[in-house]
Amino acid sequence: MNKPHGFQKRKKKVSDSEVFLAILVNYIQSINLRLTGTKYACGRGGCGACTVMVSKHDPVSRKIRHFSVTACLVPICSLYGAAVTTVEGVGSIKTRLHPVQERIAKSHGTQCRFCTPGMVMSMYTLLRNLPQPSEEQLMGALGGTSDMGKTLHPPEARWEVCLRLPQPTSSQPSSGPPSVVSEVVQTSQSSSTSCAKGGRARNVQIKSEILGGDVDLGYPGQPGPAVSWTLCPSHFHINHSPAQSSTNRHLCLILDLNYVSQDGRHFPEISDRFLSALEDFPATVPQGVQRYQSVDSHQALQDPVGRPIMHLSGLKHATGEAIFCDDIPTVDKELFMALVTSTRAHAKIISVDLSKALELPGVVVDVITAEDIPGTNGAEDDRLLAVDKVLCVGQIVCAVVAETEAQAKRAVEETKIAYEDLEPVIFTIEDAIKHSSFLCPEKKLEQGNVEKAFEEEVDQIVEGEVHVGGQEHFYMETQRVLVIPKTEDKELDIYVSTQDPAHVQKTVSSTLDIPINRITCHVKRVGGGFGGKVGRPAVLGAIAAVGTGYPIRLVLDREDDMLITGGRHPLFGKYKVGFMNSGRIRALDIECFINGGCTLDDSELVTEFLILKMENAYKIHNLRFRGRACMTNLPSNTAFRGFGFPQGTLVTESCITAVAAKCGPSVREKNMYKTVDKTIYKQAFNPEPLIRCWNECLDKSSFHSRRMQVAEFNKKNYWRKRGLAVVPMKFSVGFAATSFHQAAALVHIYTDGSVLVTHGGNELGQGIHTKMLQVASRELKVPTSHMHICETSTATVPNTIATAASIGSDVNGRAVQVLPPVCLSWIEAAFEQRISLSATGYFRGYEAFMDWEKREGDPFPYYVYGAASSEVEVDCLTGAHKKIRTDIVMDACCSLNPAIDIGQIEGSFTQGMGLYTTEELKYSPEGVLYSRGPDDYKIPTITDIPEEFNVSLLPSSQTPLTGLGESGMFLGSSVFFAIADAVATARRERDIAEDFTVRSPEGPGPCSPTCTRPAQPAERCAQCG
């Protein structure tokens, strides 16, 4: 290398000529630079968190060109003569902000923030090339589809599948379908290719993994199909990942639908009704309206409660200056930990060979096994480190500690484990049922006389099945921890990314046999949690820190995080519903099984909550719910946003949809709660806000008039079908135990008038710190500019409860609410008079209980109500769908911060939409997770947002303070049922039975053949059977 690379950092250049074969993101984050705004989140270039700008001189135009690239895929050796700009070089709160950074923050465009700098860099690069970009170009940049980076690669090769119509023998088509000749040709040109001399080709871009089923394209007046072909996804492997291929190859289906022969004979023109087969969904810029109630006109201007205040760390999110766990600078003598995991699903451990690992340079301690744990090694049925046998692929067997991350990972590769396979090996719910493999007893709720109602009170009975796949948390910041042992008294400082620092503290205490008061857990902020960050990696780091006496850093990469940790429980549900011809449901019996994985974890609680919440918004007098958690040889599934509600209620809504198919669309309204009533577990509630949300949603979405418009569209289009659906929601908030609703807060007032606020909630991106300062400002009568929240720490507020169950802002806000008002003018005098300037606020919690023997109780403090309507358009050939419009109405009472709350609703809806449509976990026959990154596991992106996305908070609500973090998940099912509505329309038009097994996710793969062929025997899902 003749000269060093230039890295722009706050307009300064630094160099390191010794770095050659290294990945750009690692160098950016190295000790030399410490540019922590660029995040390593996936390692595959799929999430965009590590996006930076690369600038190169174009010798042809003699101008500087700028490209946004994902730094996790770029070797430094490829950047000779280039300049790299990270988010730190764009703007800073210490100097000045770039307009992109300012607008994304002030427009409430950040939540956990881990990927926000990547978005800033994508837009910044676009503006450097195009100072006046269009909205479509901005969407392209944010969605990762910008054309700006194409010249970085050689001309793309393109595979084409050419389907040619034969030359006709007369001016009219033959009575039978002509044969089709298909061949594969390769071309490096981007122009259309004629199928035959004199012919004219029309291109249809078909994305991979959606060419399934028999596809028929008919001509008018012809009894049979003009073209018929079958393409199976297994016949093609389309590689979109630049990490695995130097060219971006794609399928192009060329249909010569208007062939003109040399002698002038031709096929007739295709009817407009069939031409949609040639059209792709156009890229559109999402738009929408967010409605919320303004604060009372009599509210003091300095009172911030109820106002849409920017996220407390919004500007730092956009500039990359918000510090996360792994951004903490390297500590003196710090070591790195890596985990050794099982490669077998169910096996006895014969031996662990460490010899080669210990011979490697840099491995400073023995490999840590269960024998090195001085205290308890987890629970009897849920070991922290495996003992004697493993129960799933990905179970942690041991850990190694080395001087660098690379050395630790190399030692993991050299650790050899011998196994002896055990039987049985169970992966699916179906197999678990056959082997009676369950984690806990059955949970059951029942009211009325179900059997008698089926026999005597119904006109029709429908039975069906519902399969719901699992879901990966996919928090942008993976599991990570830094443990620093102190030199005396066995004290530990643990900096961890967790939702429950008190639980981490207790677990470390029992594992190391150290008193809790010697352990302090610090949580500054967390890059997303969704129920998946409890803190097991922190315990492993603590074991190594105590054993070596050195600080330990453990950061899971995306593949290991997805392999080791469980996610949302897959579900298999069976329902039987009896109803009158009018649509009134008289009896409903639902039995559900969830895939709990190899250990109990939270599976019993999830089963209980699933059963408690399954009735949703419907009053059915004869009702029975049953649920069981299955034990399988997969990683233990755990808490996830919604905690069973998104899976269980999908079964209920699928049942209601099946009845509506027989009796008309008014079935939902006929069976909803109407007046003050009691649930199946005998808890009283008032459904008035539910009815208001439902009616407002129907009104604001113009549901009934659009229903007619959808029907008209479907008549005119054979290959495109639109669907429209609306779903109600009654979501229970909180834990089913009083002790889990307590909270505390601590306030220090300093003599200069500044105030330090601490509480027991954790900042996960949901804006809890911002809301707590708003509440504290109102109660203390102190401006927010005089207030500060440092972190959540077990040393300041002890014995806290996990930030979960949508209750965090509520209970911690009530603890802050207890604090007395402060007058800044008398602070100095108070100090002189020896008056304490510290105060503690405490909330004892809501009363909540559930008696499962009596099957009754008041398990939830209150409910959140809502409704959502969605319209989609489905391509029956490919299975792809476009989200046209979504309208959401939520009862948020008097929102503490409507901007943050609406962001939570939009975010949870989108995550739910991913659960129901695109996110699919794929396993090998041996139980190895295949989908371990964003290239294999499709989470929603900005391009998946509905074209029109409207969110309204119910005005003038008298509901108590509500938690909105989880409730919106289920509303994403409105997209699922809209797709099902479109599919049902396509099946009716083709005289195919409308009944088909409901499977989630309902993406392009299953959707296309469902539109165009009769139901096939069910294929077994990797998790739900």
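Colleague: How do you know that the end-to-end distance of helix H11 (residues 536-548) agrees with what it should span?

Modeller: The 13 residues of H11 should span 18 Å at 1.5 Å a residue, and the end C-alpha atoms are 19 Å apart, so the two agree. Keep in mind that this is a predicted model.

Colleague: What makes H11 mostly covered?

Modeller: Buried means under 20% relative accessible area, and ten of the 13 residues of H11 are buried. Among them are Pro-537, Val-539, Leu-540, Ile-543 and Thr-548.

Colleague: And which elements do the buried residues of H11 pack against?

Modeller: Their partners are strands S13 (335-341), S18 (396-402), S22 (480-485), S23 and S25 (552-555), together with helix H10. Just after H11 comes Gly-549, which takes a positive phi of about 80 degrees.

Colleague: Let's turn to the annotated residues. Where does UniProt place the "binding site" feature?

Modeller: The unreviewed UniProt entry puts it at Gln-499, Phe-530, Arg-641 and Ala-805. These positions are spread over 307 residues of sequence, yet they cluster in space, with a largest C-alpha distance of 12.4 Å.

Colleague: Why is Gln-499 called buried?

Modeller: The cut-off for buried is under 20%, and Gln-499 has a relative accessible area of 6%, so Gln-499 counts as buried. You'll find Gln-499 in the loop between strand S23 (492-496) and helix H10 (501-512). Leaving aside neighbours within four places in sequence, the contacts of Gln-499 include Phe-530, Lys-533, Asn-762 and Thr-803.

Colleague: What makes the pairing of Gln-499 with Gly-532 a polar contact?

Modeller: The limit for a pair of N or O atoms is 3.5 Å. A polar atom of the Gln-499 side chain lies 3.3 Å from the backbone nitrogen of Gly-532, which is within that limit.

Colleague: And Ala-805: how do you know whether to call this residue buried or exposed?

Modeller: At 14% relative accessibility, Ala-805 is under the 20% cut-off, so the residue counts as buried. Ala-805 sits in the loop between strand S35 (792-793) and helix H19 (808-817). Not counting residues up to four places away in sequence, Ala-805 touches Val-733, Gly-734, Phe-735 and Glu-966.

Colleague: Now for charges. Why is the pair of Lys-533 and Glu-477 called a salt bridge?

Modeller: The side-chain nitrogen has to be within 4 Å of a carboxyl oxygen; for Lys-533 and Glu-477 the N to O distance is 3.2 Å, so the pair qualifies. Lys-533 is in the loop between strand S24 (519-523) and H11, while Glu-477 is in the loop between strand S21 (460-468) and S22, 56 residues apart. Both Lys-533 and Glu-477 are buried.

Colleague: What links Arg-722 to Glu-873?

Modeller: They form a salt bridge with the closest N and O atoms 2.9 Å apart. Arg-722 belongs to strand S31 (residues 720-733) and Glu-873 to strand S39, so the bridge ties together parts that are 151 residues apart in sequence.

Note on methods. Residues numbered from 1 in each chain as written. Predicted model: local features only at pLDDT ≥ 70, side-chain atom pairs only at ≥ 80, totals over all residues. Heavy atoms only, no water. UniProt positions renumbered as here; feature names shortened; annotations may be inferred. Helix = DSSP H or I, 4+ residues; strand = E, 2+ residues; numbered from the N terminus. Buried < 20%, exposed > 50% of the residue type's maximum accessible area, 1.4 Å probe, protein only. Contact = heavy atoms within 4.5 Å. Polar contact = N/O pair within 3.5 Å; in protein donor to acceptor, adjacent residues only side chain to side chain. Expected span 1.5 Å × (residues − 1).
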